[in-house]
Amino acid sequence: MFRQLLLFSALLALTAFAPVPDRAAERDLMILTIENMAATAGAERHRTIDSSVLSAMRKVPRHLLVPEEVRARAYQNTPLPIGYDATISQPYIVALMTDLLEVRPEHRVLEVGTGSGYQAAVLGHLAHHVYTIEIVEPLAARAKAQLAALGYANVHVRAGDGYAGWPAEAPFDRIIVTAGADHVPQPLLDQLAPGGRMVIPLAQTDNEMQLTLITKSKNGGISREKVLPVRFVPLVRSGS
């Protein structure tokens with residue numbers, strides 16, 4: 001019996017220090033799927049995804065940033081529920097939105113709609129600092145804890161109404177909105193730096209939403225480009 005207890009204790013010790021499965025092969029397959037989708041189903045002007053974006057997505061353990069009950073599907077090209085009526089976008093849409101931003105290492109990026117923290121983690125590999133806001137407090141708390149545990153020290157999370165942006169940290173070189181809106185929030189336009197880019201899903205009708213690229217010129221002029229029909233959960237405001 002004593003020897004059995006010793007053996008059991010040894011097995012427990014080995015289990016405690018066993019590495020968490022990295023699932024790198026699944027990420028490689030996810031990247032291949034993204035490249036194929038961009039080449040065949042994407043908007044004509046956006047048929048490739050920049051290699052820096054794909055490299056960032058290869059590094060992020062997506063399965064550790066979604067609830068346990070959906071981790072088996074973490075690398076499938078499909079949206080996943082993350083609780084509180086929220087979802088995480090399919091990897092192709094994450095890649096496309098990130099690619100449209102054209103993030104550089106010196107950039108400061110604002111994200112509206114932290115969700116699981118996955119998009120912020122991808123941006124964390126590309127930008128100098130990422131500031132991300134989530135209106136659902138439990139989601140913000142969970143994402144903040146998981147991102148910190150994974151070592152994303154340059155990603156800053158807070159709970160709040162993303163419509164108002166993050167004035168204390170503005171201006172931002174890039175802004176990404178991961179929820180559908182019926183118009184571009186003026187505070188976000190104001191906080192976008194001259195020469196900056198914003199990606200936001202915008203409702204066209206009750207049944208149609210377009211992923212839209214907003215660019216601000218050096219003199220403050222605004223232009224828009226419709227990229228692709230998409231579906232997103234609506235942008236929620238405080239008190240709504």
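Which backbone oxygen does the side chain of Asn154 reach at 3.4 Å? Here are some notes on that and a few other spots.

1. That oxygen belongs to His128. The side chain of Asn154 also reaches the backbone oxygen of Ala127, at 3.3 Å. Both are polar contacts, meaning N or O atoms within 3.5 Å, where within protein one must be able to donate a hydrogen and the other to accept it, and residues adjacent in sequence count only if both atoms are side-chain atoms. Asn154 sits in the loop between α6 (137–149) and β5, and counts as buried at 16% relative accessibility. Buried is under 20% relative accessible area, exposed is over 50%, and partly exposed is in between (1.4 Å probe, protein chains only).

2. A word on ground rules: this is a predicted model, where local features need pLDDT of at least 70 and side-chain atom pairs count only at pLDDT 80 or more, while totals for chains, interfaces and linings use all residues. Residues are numbered from 1 along each chain as its sequence is written, and side-chain values use heavy atoms, with hydrogens and water left out.

3. Arg27 is another buried one, at 3% relative accessibility. You'll find Arg27 in helix α2 (residues 24–40); helices (H or I, at least four residues) and strands (E, at least two) are DSSP runs, numbered from the N terminus. The Arg27 side chain reaches the backbone oxygen of Asp22 at 2.7 Å, and a 3.0 Å polar contact joins it to the side chain of Tyr75.

4. Now the aromatics: there are two pairs in the structure. With ring centres 5.3 Å apart and planes at 80°, Tyr131 and Trp166 are edge-to-face. For pairing, rings of Phe, Tyr and Trp (its six-membered ring) need centres within 6.5 Å; planes under 30 degrees apart are stacked, over 60 edge-to-face, and the rest tilted. Tyr131 is in strand β4 (residues 129–134) and Trp166 in the loop between β5 (155–159) and β6 (172–177), 35 residues apart, so the pair links distant parts of the chain.

5. Elsewhere, the charged end of Arg62 sits over the ring of Tyr118, 5.1 Å from its centre. The test for a charge over a ring is NZ of Lys or CZ of Arg within 6 Å of the ring centre and within 35 degrees of the ring normal.
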